[in-house]
Amino acid sequence: MTAQPMPRPAHPGPSTPDEPGDRPGVSGRPAGGPESRRAIYDRLVRDNAATLFAFARRMVGEHAAAEDVLQETYVEAWRSLDSLRDPRSGRAWLFAILRHRCARWVRKASRRPRATGAVADVAGSLTQPGPDVVHLLGDRERLQRLLDEMDPRFREALLTVFVEGLTPDEAAKALDIPRGTVLSRCHRARTFLRARLRVLDREET
Amino acid sequence: MDETRHGDLRERMAEASSLPAGDPERAAIEARVLDQPGELRDAWYALLDEAAATREALADVRPPIGLVDRLLEAPDRAPRRGLLGWRRLAVAAALLVAAVLGAAVLNSMVLAPSETETRLARLTTAATHEHVFDRHVSVETGDVTALDTALGDGLPFAASCPDLGDAITLRGGRCCQLDGKPVAYSLWRGESGHCSVFQFRAADHGLPTDAAPTRSTVAIPDDHGRTRTHEVVVWIEDGRGFILVADDRRLLPARFANL
């Protein structure tokens with residue numbers, strides 16, 4: 001018998017004798033008992049933190065803010081872990097929390113988005129795809145500046161498909177918009193990036 | 001006409017290039033593109049290259065050093081609210097306060113719960129939640145003295161399990177917290193379920209040094225949305241507070257049966 005070091009009530013220790021899967025109030029918890037609760041949380045961190053951070057960083061723009069948002073996301077995840085019925089859907093569940101947190105951060109930041117609709121008016125050649133765009137995407141800081149300029153609705157759709165990796169159908173469900181809108185927003189976001197990358201490249205060189 | 005058709009196709013190509021490889025819509029667009037002049041095919045492949053590069057660029061974010069470790073520690077640093085869940089807390093607290101208030105009205109015609117009763121209600125709710133949602137033990141033993149000794153290292157006070165009779169047997173215990181204050185937790189098992197006993201210093205919570213046992217029924221919604229009731233007895237002896245939470249009234253020690 002060994003005593004465990006002090007209290008980590010939310011951080012279960014090694015064992016639970018004949019518990020808790022046999023209790024009606026606990027059986028619905030992810031994969032059984034308190035130990036697995038912590039194990040599930042740890043796995044959610046280890047498996048998803050990097051991708052979630054990338055999403056948050058691209059969404060809120062600032063490195064420190066992205067970490068704050070991610071901390072909030074995981075604390076909320078820990079608190080409501082009991083509501084996660086199927087640990088296999090943990091990634092999508094985490095992203096749902098993260099999107100909500102990012103949206104709140106963006107609202108608080110009171111940024112004035114520049115409508116990507118204006119990009120449609122940009123003259124032809126700037127919006128056409130080309131190998132130069134692939135090269136220009138290599139400047140990650142410039143890319144972030146442009147994401148910061150982008151309408152958050154388009155940015156969110158782009159990141160949901162391109163970073164989270166959801167299909168347009170899944171993204172439509174997650175964002176509560178029609179599938180066609182997901183595709184349209186991704187298209188407009190990419191068009192915006194393409195044109196602005198070229199404009200900035202011309203201005204800065 | 002061709003120009004219009006090509007314009008429409010270009011628009012659809014631009015959207016479809018965001019679709020994952022293997023998507024039927026993307027495949028259909030690609031099939032159409034391959035029947036078109038070389039210029040459109042070039043544009044299609046440029047879009048696909050650009051989509052791949054965009055995907056790579058957007059995901060290329062270096063996480064800060066130590067991020068994973070900090071996230072793993074996040075639950076331990078988070079305020080205690082998370083352990084309880086406000087909705088559950090509110091429901092249970094409302095029921096408990098109503099019960100306490102009712103008893104107070106009957107006994108002394110006091111219309112509002114005292115500060116002591118409010119604090120006890122909060123602790124009782126927190127303890128019931130721990131009982132329902134976090135019954136793990138870090139020390140497995142059936143020996144009360146051994147448990148008290150083992151928990152001693154992790155507590156600022158000497159744990160001393162109360163006499164709970166022979167109907168339930170000790171399974172183990174751990175150090176934890178209620179309302180941010182240290183608690184000795186022990187888990188017991190009887191024929192009809194489990195009991196949890198939380199032991200704490202009354203002074204930590206601004207409570208009096210002695211209070212007679214009071215019994216209440218606390219309802220907690222479980223993960224399936226069903227509400228389960230638990231029998232809870234709270235008392236304070238010589239500055240030591242106890243909260244006993246039982247799945248079933250039959251698990252209560254005889255001395256509390258008639259409360």
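Buried means under 20% relative accessible area. B:Cys161, at a relative accessible area of 16%, is therefore buried. The model is predicted. Its largest nonpolar core has 63 residues. Helix α7 of chain A is largely enclosed by the rest of the structure.

**Confidence**
- Chain A has a mean pLDDT of 76, and 75% of its residues reach 70 or more.
- Among the elements of chain A, α7(A) has the highest mean pLDDT, 93. The lowest, 68, belongs to helix α4 (residues 124-127) of chain A.
- Residues 1-33 of chain A have pLDDT below 50. The model still gives this stretch 109 contacts beyond near neighbours in sequence.
- Residues 111-123 of chain A also fall below 50, with 26 contacts beyond near neighbours in sequence.
- Chain B averages a pLDDT of 81, and 82% of its residues score at least 70.
- In chain B, pLDDT stays under 50 over residues 108-112. The model has seven contacts for them beyond four places in sequence.
- Where pLDDT is low, the predicted coordinates should not be read in detail.

- A:Tyr74 reaches across to B:Leu71 by contact. In chain A, A:Tyr74 is in contact with residues including A:Tyr41, A:Leu44, A:Val45, A:Asn48, A:Ala49, A:Leu52 and A:Leu94.
- A second, separate core has 25 residues. Among them are B:Leu123, B:Leu187, B:Phe200 and B:Val245.

- Helix α7 (residues 152-162) of chain A has 11 residues, and nine of them are buried, so the rest of the structure largely encloses the helix.
- The buried residues include A:Phe154, A:Arg155, A:Glu156 and A:Phe162.
- A:Glu164 sits in the loop between α7 and α8 of chain A. Its relative accessibility is 3%, so A:Glu164 counts as buried.
- Beyond four places in sequence, A:Glu164 touches A:Phe55, A:Arg91, A:Ala92, A:Phe95, A:Arg99 and A:Leu159.

**Helices α8 and α9 of chain A**
- The axes of helix α8 (residues 168-175) of chain A and α9(A) come within 8 Å. They cross at roughly 100°.
- Angles of 65 to 115 degrees count as roughly perpendicular, and α8(A) and α9(A) are therefore roughly perpendicular to each other.
- On the α8(A) side, A:Pro168, A:Asp169, A:Ala171 and A:Ala172 make the contact.

**Cysteines**
- A:Cys186 lies in helix α9 (residues 179-204) of chain A. Its relative accessible area is 0%, so A:Cys186 is buried.
- Outside its sequence neighbours within four places, A:Cys186 is in contact with A:Ala157, A:Leu158, A:Val161, A:Phe162 and B:Ser18.
- A:Cys186 and A:Pro168 are 18 residues apart in sequence, and their C-alpha atoms are 9.6 Å apart.
- A search of the whole structure finds zero disulfides over all chains.
- B:Cys175 is in no disulfide. The nearest cysteine sulfur is that of B:Cys176, 7.9 Å away, whereas a disulfide needs sulfur atoms within 2.5 Å.
- B:Cys175 has 9% relative accessibility, so B:Cys175 counts as buried.

Conventions: Residues numbered from 1 in each chain as written. Chains lettered and ligands numbered in written order. Predicted model: local features only at pLDDT ≥ 70, side-chain atom pairs only at ≥ 80, totals over all residues. Heavy atoms only, no water. Buried < 20%, exposed > 50% of the residue type's maximum accessible area, 1.4 Å probe, protein only. Helix = DSSP H or I, 4+ residues; strand = E, 2+ residues; numbered from the N terminus. pLDDT = per-residue confidence, 0-100. Contact = heavy atoms within 4.5 Å. Core = buried A, V, L, I, M, F, W, Y, C linked by side-chain atoms within 4.5 Å. Axes fitted to C-alpha atoms, helices over the stretch in contact; angles between N-to-C directions. Parallel < 35°, antiparallel > 145°, perpendicular 65-115°, else oblique.
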